[in-house]
Amino acid sequence: MSNETLADRLIDLRTKIPADVQLIAVSKTKPASMIQELYQAGQRAFGENKVQEMVDKYEQLPKDIQWHLIGHLQTNKVKYIAPFVHLIHAVDSLKLLQEIDKQAAKNNRIIPCLLQFHIANEDTKFGLDFSEAEEILQSREFIEMQNIQIVGLMGMATFTENEEQIRDEFRNLNNYFQIIKSHYFKFNPDFKHLSMGMSGDYDMAIEEGSTMVRIGSTLFGSR
Ligand SMILES: *Cc1c(COP(=O)(O)O)cnc(C)c1O
């Protein structure tokens with residue numbers, strides 16, 4: 001692995017991911033120079049989990065990079081990324097959605113978002129359960145929002161060796177995705193993204209219907 005360039009690793013990883021599954025290169029903690037290297041190899045979608053780090057990198061790097069905010073987002077920080085963020089993966093409350101809508105309006109744009117579901121058997125991971133998601137989707141506040149668009153769901157599986165458990169969690173998320181699509185977005189072709197799968201479990205996530213994998217360490221090396 002050490003003699004391989006980042007570009008080699010990207011090419012290798014792409015051969016393992018179907019063409020219709022989007023690869024988000026998770027560049028958190030890694031320097032802008034490494035992102036630039038992958039950019040030159042053709043990668044455009046990068047994922048960060050901290051607002052300040054994403055803003056710093058946005059300022060230094062080519063402006064056609066698509067920045068994906070994949071980590072937990074605090075309402076008071078939405079304003080810093082609202083001008084340029086490509087997709088917010090971890091929306092887990094109506095309050096956060098309202099702030100995104102407000103900041104998107106100020107920037108005269110529509111910000112695409114994913115609802116994060118809690119699928120792991122762990123207390124530490126953020127996310128909504130099914131009824132909380134329905135509560136948001138049925139609320140008058142949500143229906144009246146003009147500057148956000150919900151384009152799919154996101155989730156993280158439990159950190160475990162138990163592959164059956166991971167697979168079950170991805171399958172559950174895909175079930176929620178299908179139900180929510182048919183109940184709330186039946187006639188909306190933009191609701192199509194299922195963001196699931198990381199370095200350790202992306203192959204299973206793809207088998208269970210992922211359309212977007214978020215991969216860091218397999219590409220950039222360990223953090
Ligand atoms: C860090 C992170 C990833 C990537 O993790 P790797 O195991 O390094 O591939 C994916 N999704 C989220 C939400 C993350 O925080």
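I started with glutamate 207, which counts as exposed at 56% relative accessibility (exposed is over 50% relative accessible area, buried under 20%, partly exposed in between, with a 1.4 Å probe and protein chains only). This is a predicted model, where local features need pLDDT of at least 70, side-chain atom pairs count only at pLDDT 80 or more, and totals for chains, interfaces and linings use all residues. Residues are numbered from 1 along each chain as its sequence is written, and side-chain values use heavy atoms, with hydrogens and water left out.

**Salt bridges**

I looked up the partner of glutamate 207: arginine 167, with the closest N and O atoms 2.8 Å apart in a salt bridge (a side-chain nitrogen of Lys or Arg within 4 Å of a carboxyl oxygen of Asp or Glu). Glutamate 207 sits in helix α9 (residues 202-207) and arginine 167 in helix α8 (residues 163-184), so the pair ties together parts 40 residues apart in sequence. Helices here are DSSP runs of H or I with at least four residues, strands are E runs of at least two, and both are numbered from the N terminus. Arginine 167 is buried, at 17% relative accessible area. I also found a salt-bridge network that links Arg167, Arg171, Glu207 and Glu208. The count for the model is nine salt bridges.

Next I checked aspartate 64, which bridges to arginine 44 at 3.4 Å between the closest N and O atoms. Aspartate 64 is in the loop between α3 and β3, arginine 44 in the loop between α2 and β2, 20 residues apart. Aspartate 64 is partly exposed at 42%, and arginine 44 is partly exposed at 28%.

Then I went to helix α7 (residues 140-144), where glutamate 144 and arginine 140 lie four residues apart, about one turn of the helix. Their salt bridge has its closest N and O atoms at 3.6 Å.

**Ligand site**

Which residues surround the ligand? I listed Val26, Lys28, Ile70, Met154, Met156, Met198, Ser199, Arg214, Ile215, Gly216, Ser217 and Arg223, using a heavy atom within 4 Å as the cut-off.

For polar contacts (pairs of N or O atoms within 3.5 Å), I noted an oxygen atom of the ligand 2.6 Å from a side-chain N or O atom of serine 199. A polar side-chain atom of lysine 28 is 2.7 Å from a ligand oxygen atom, and a ligand nitrogen atom is 2.9 Å from a side-chain N or O atom of arginine 214. The protein covers 90% of the 390 Å² of accessible area that the ligand has on its own (Shrake-Rupley, 1.4 Å probe).

Notes
A polar contact is a pair of N or O atoms within 3.5 Å; within protein, one must be able to donate a hydrogen and the other to accept it, and residues adjacent in sequence count only if both atoms are side-chain atoms.
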